[in-house]
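Here are a few short notes for a first look at this model. Please keep the structure open beside them.

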Amino acid sequence: MTGKLKVAGLLALGALAGALTTMQLQANARSSLAPLPLEELQQLAAVFGMIKSDYVESVDEKKLISDAIGGMVAGLDPHSVYFDKKTFKEFREGTTGKFVGVGIEIGMEDGLVKVVSPIEGSPAFRAGLKPGDLVTKIDDSAVKGLSMDQAVKKMRGEPNTKVTLTIFRKLENRSFPVTITREEIRVQSVRAKLIEPGYAWIRVSQFQDRTVDDFARKLEELYKSEPNLKGLVLDLRNDPGGLLEGAVALSAAFLPSEVTVVSTNGQIAESRATFKASPEYYVRRGSADPLKKLPAALKHVPLVVLVNEGSASASEIVAGALQDHKRATIMGAQTFGKGSVQTVRPLSADTALKITTARYYTPSGRSIQAKGIVPDLWIDETAEGNVFAALRMREADLEKHLGEKNKPAGAASGADATEAAQQKARDEAREEARKKLEEMAAKTKEPIKPLPEFGSAEDWPLVQALNQLKGKPVAVSKTLSERKAALDEDKQ
């Protein structure tokens, strides 16, 4: 199996793995742009004309132009996207945390939709879908050959309408249909609870419009029930990112005012900025500071941050800021490595361009692009070791991921060959890990046990985080090690 998990996100939420600036810059051409390549534009116009006049059947002009724009943007990097009318609507719905769908986190594997995880309480969750299930058909349409967006569109729909998914469960070697009634999914991006007297856990699964408000409210509730909090675990595992100001706000909740949280750097002036731990960098115009009522003790409470290979972008900003300022102990596994910022620029009332405009850097100036945040303490997924870690994709595995910006002359071919060799080794490691899982399932004649729910009593990394806060011995991983970036980048 060589299929790559190229995109992961909440079904019908649009692309989430990215820190997005909320500033919507004008899409007007700037005087600093180089002259347009007239010869190439003439070729584009010629191809357009040939398709219109010579193609076997009539082609809609607007669709042709839309497809051309989409292809141009898709060739840039994995995170730049052209939003047409429908996908822009879906994207805006995604940032609010509300959408109509079946409620699953998905990826693509071997051309099929892969269930990464059903959203708790969703129709898919209630229907019994499991991580690792493959969707082979959506109603009467085969999934093979569909893009991620096309598959998502087919699973979306109006509330109270039905969709039938044909599921292939590999570990049980069987296919079966599941009919699910679509409904509005309300993603709870923040969960929290007291684990035991004096110690609390707060989880952020995604950075949405309401995340900071919900985060502040949950913390206030925790302190009301336990005013003398001795330690806090901030859980960012499998958090794919989201809104940049949300990451700045969460970092500011724990850091001294005015220290740097993150900086960004890109081609245009607006992309060169420094964000600090003060309200003007995260409070929206006309809104009150959601962190204002938080207890002062939060700035000093012992803190552990849990991360894994699925922690990306905005969650990496938080982990990197807290690590650089030595405010928290980062525990878990090396993070995803998405060190770029996307800006959403409206093209019309119904369309927009999400374009990568900058790289971001931790307070010490580290770029984590294609590398990620390396934890202070490496922790396995379970007491028995790592079950699924080797199967997970990271930024460095994505086609067209941002690499080294300024290679020495003549170095490109050698660097490309090295990266190709590294990619081949990672693909082989994932294939080997998959075979071992299947052999284990065949030997025991039982399906592979899924990982315990985050925050549960069986959550091994959480148990180790509590040990760290209490000063007890921590069972660090004996197998996990740092994965070097395929191509390192220096701050420009």
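1. Start with Ala370. In this predicted model, Ala370 lies in the loop between S20 and strand S21 (377-378). Its phi is positive, about 65 degrees, although Ala370 is not a glycine. Is Ala370 buried or exposed? Its relative accessible area is 2%. Buried means under 20%, so Ala370 counts as buried.

2. Now look at Asp139. This residue sits in the loop between strand S7 (134-138) and strand S8 (141-142). Asp139 is another non-glycine residue with a positive phi, here near 55 degrees. Its relative accessibility is 35%, so Asp139 counts as partly exposed.

3. Turn to the largest nonpolar core. It has 49 residues. Phe215, Leu232 and Leu234 have the most contacts inside it. Elements giving two or more residues to this core include strand S13 (199-204), helix H6 (211-225), strand S14 (231-235) and helix H7 (244-254). Strand S15 (260-265), strand S17 (303-307), helix H8 (314-324) and strand S20 (352-361) are also among them. Which element gives the largest share? That is H7, with eight residues.

4. Leu234 deserves a separate look. What does Leu234 touch, leaving aside its neighbours within four places in sequence? Its contacts include Ile202, Val204, Phe215 and Phe254. Leu303, Val304, Val305 and Leu306 are also in contact with Leu234. Val318 and Leu322 belong on the list too.

5. There is a second, separate core. It has 23 residues, including Val102, Val115, Ala124 and Val135.

Technical notes. Residues numbered from 1 in each chain as written. Predicted model: local features only at pLDDT ≥ 70, side-chain atom pairs only at ≥ 80, totals over all residues. Heavy atoms only, no water. Core = buried A, V, L, I, M, F, W, Y, C linked by side-chain atoms within 4.5 Å. Buried < 20%, exposed > 50% of the residue type's maximum accessible area, 1.4 Å probe, protein only. Helix = DSSP H or I, 4+ residues; strand = E, 2+ residues; numbered from the N terminus. Contact = heavy atoms within 4.5 Å.
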